[in-house]
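Please open the structure in your viewer and keep the selection tool at hand. The tour below goes from one group of side chains to the next.

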Amino acid sequence: MMGTRIQKALFLFIALYIFPVAIFAQTGEIKGKICNQKNNEPIPFVNIIIDGKPTQGTTTDMDGNYRISGVEPGYVRLVATAVGFKKTVSQDVLVTRSHPVVVNIGMEELVLTLSTIEVRPSVIVRKTESPLSLQTLTIQEIEKSPGSNRDISKVIQSLPGVASGVSYRNDLIIRGGGPNENRYYLDGIEIPNINHFATQGASGGSVGIINVDFIRDVELYTGAFPARRGNALSSVMELQQIDAAKDKFGGRLTVGATDFGLTLDGPVTKHSTLLFSIRRSYLKMLFSILKLPFLPTYNDYQLKYKIDLGKHDQISLISLGSLDNSKLNTGIKDPTESQRYILGYLPEYTQWSYTFGLVYRHFTDKGSHTFVLSRNMLDNEEIKYKNNVEIPDSLNLNYKSQEIENKFRYEGLSSMGSWKISYGAGLDYVVYNNTTFQKLYAFDNLKLLNYTSTLNFYRWNIFSQANKSLANNRLNLSLGIRMDAASYSKEMNNLPDQLSPRFSASWAILTDKLFLNFNTGRYYQLPAYTTLGYRNNNGTLVNDSLGLKYIAADHVVIGMEYIPKPNSKISLEGFYKYYSHYPLSIRDSISLASKGTDFGAIGDEAVIPVSKGRAYGLELFWRDADLYKFNIIVSYTYVRSEFTDFSGNYIPSSWDYRHLLNITIGRKFRHDWQLGLKWRFAGGAPYTPYNIEKSSRVEAWDALGQGYLDYSKYNSLRLRNFNELDLRVDKAFYFRKWSLMVYLDIQNLLNTKSQEPDIVTNTLSDGSIRKYIDNQGIERYELRSLPHSTGTILPAIGVMVDF
């Protein structure tokens, strides 16, 4: 059956290419503006060429504008050179025949002219404040990544130090830290939720919200965080969006494996442009046909409205939103054991979120001033009835929660000779609402949790960072400092208590080829709002009374980096992270650091801030964007991750994979064909066996609908190693006024099965339930253990039409 579906997918894919069409000789056009990145002043007489084609280019006019015609369609980069400025190479851009591509480039002034330094393309990025633990992805790598379905969270799993949870989720595990330790910024605006069906209290979900049609490039910091970015312990992701066309409207129609969408971009007025997209899934229809036990639907939109008020002033309006719904497919006839199990415990979800932000940037002769005002909101609802019988007595869970953040941030940047100084401050107003009704079996008793919580408090921060180049630019130093505080409690409201220093150094051993890099810093993160706002039935703010604190993590990273040629690098890094004040679950006696890869919410329980943790390892990374026309990414990570339990003993966390290996290879062929392969390997993850004695109790099982883990044997077992091979084939057609891009993406090409912990069920093979009374008079279910694995060949065809 699966083989037949694959054959049909391949047939449809090939049929698209042999269909007779008239393809004309076509070329595209690139235009834009070149400015001084310090003050946004236009730079005249800049020589700008197509990378790899030195005879195809032009020169900017007095206002810094340029236009290059006759460009062959496909992905290209631009190279800009000018007297007094560092050579600059742009990010990848997709040129089509349908409308001109806008590429604006900022160039950096040369302070010392004794040594010419090249600002490398976005494949190789070096920053003084973050000379290591920083990786980038171009839009071509995001678009064409095998097995990723144009989802950024899946694409970055090819980078060093990055692991994921189960294959059907987008959890990001960075250097042994939990999925709640990451922060995301879109054009400088923090986006708390970048996934549909997000886990409240963490950052994972099932499908990404970000529309990659908007993205210019992505920077992932896995350490050495700049001082302007706070509230992160494991990673910071910066996503930069493209600029819309200024002359006419264009767009893209997309039909993917799980959804369809429309993107539009173009001018609104003479000085303003608009990017807008909307997307809707058809998973509910597909899952219903396949008789899966749940029926999800997701919708999202994304918007960027940019206004140029002059060469010194810019305003951008950024917005992103989602609406998700998941219902149970209770109408399945003769459900399988697996379907019965999922229907028995899985709640129904309704979730929506949005972020809206305003960014105002003013340029001066010496730098810039950026003001960011934003608001984001998450509304999360879950409901579950025993046996899915919707009567009041069967209600096990009714959860309704909202998280609202209103934020203001100022960032200043100044240059004084070879010194670069950034500084700023931020103020947030937070509102958290929660109404919870939950039957909970804990400490050998069935309890009813029934409370309403409303929480309002402020957060504030200040930060500054100074960068200095010495020894003819061979030695680069950076010293940053940040302080955060919150009015939530006396343990959090004093800025110096959350003093967060950081220091980076980079020494060019061989000019601009070989570097020795170092970073150390202390970082703080506020616990999840679900933890901060948790109350008991008496209305007491439980975790405030237990002395909840900011979570702290101390990082030390040292590494070597070798850049043999443009677009290529080899790096080796060693890292060590030490955690303190991590919330420890009183109910389960484990650190919350090991939770967060399930749907719903985490952290809404009583905790004490006593858990400690350590994550350490090595990363080896090789990247070459042009090795005999192949684009190659190879990363190997050895990582250990451990956190203390209630007794203070270090035990492996759920992210203790030990070995991670990722190999991604892509190549463009003649006639606009492209092929990509990605192979991933991960060591077996730790897992915890079930507590059969507790799980078999009727009142315990009826409250949860599934088994309970035996936390006295937490993570004492390991799954088998995991590996998967993904394949992607792309073909592009460029017509006179529109373009057609088609791809075939096959996930898990070798049909590898990934072991998961066994399932414990209270039903027999025929679907019946058997109860009995033990010798102590306790009513129990007869339980069975079922082997469980995931993984199947998953072919998908996608179509994109540019117009």
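Select Arg667 and Phe630 to begin: the charged end of Arg667 sits over the ring of Phe630, 5.3 Å from its centre, where sitting over a ring means that NZ of Lys or CZ of Arg is within 6 Å of the ring centre and within 35 degrees of the ring normal. Then move to Arg728, which lies over the face of Tyr743 at 3.9 Å from the ring centre.

What you have open is a predicted model, in which local features need pLDDT of at least 70 and side-chain atom pairs count only at pLDDT 80 or more, while totals for chains, interfaces and linings use all residues. Residues are numbered from 1 along each chain as its sequence is written, and side-chain values use heavy atoms, with hydrogens and water left out.

How many aromatic pairs does a search of the whole structure find? The search finds 22, a pair being two rings of Phe, Tyr or Trp (its six-membered ring) with centres within 6.5 Å, called stacked if the planes are under 30 degrees apart, edge-to-face if over 60 and tilted for the rest. Select Tyr524 and Tyr550, an edge-to-face pair with 6.4 Å centre to centre and 90 degrees between the planes. This pair links distant parts of the chain, 26 residues apart, with Tyr524 in strand E33 (residues 514–525) and Tyr550 in the loop between helix H7 (542–545) and strand E34 (551–562); helices (H or I, at least four residues) and strands (E, at least two) are DSSP runs, numbered from the N terminus. Both Tyr524 and Tyr550 are buried, that is, under 20% relative accessible area, whereas exposed is over 50% and partly exposed is in between (1.4 Å probe, protein chains only).

Next, select Tyr576 and Tyr616, whose rings are stacked at 6.0 Å centre to centre with 20 degrees between the planes. Tyr576 lies in strand E35 (residues 568–585) and Tyr616 in strand E36 (residues 607–627), so the pair ties together parts that are 40 residues apart in sequence. Tyr576 counts as partly exposed at 36% relative accessibility, and Tyr616 counts as partly exposed at 28%.

For a group of rings, select Tyr360, Phe371, Tyr410 and Tyr423, which ring pairs link into a cluster.
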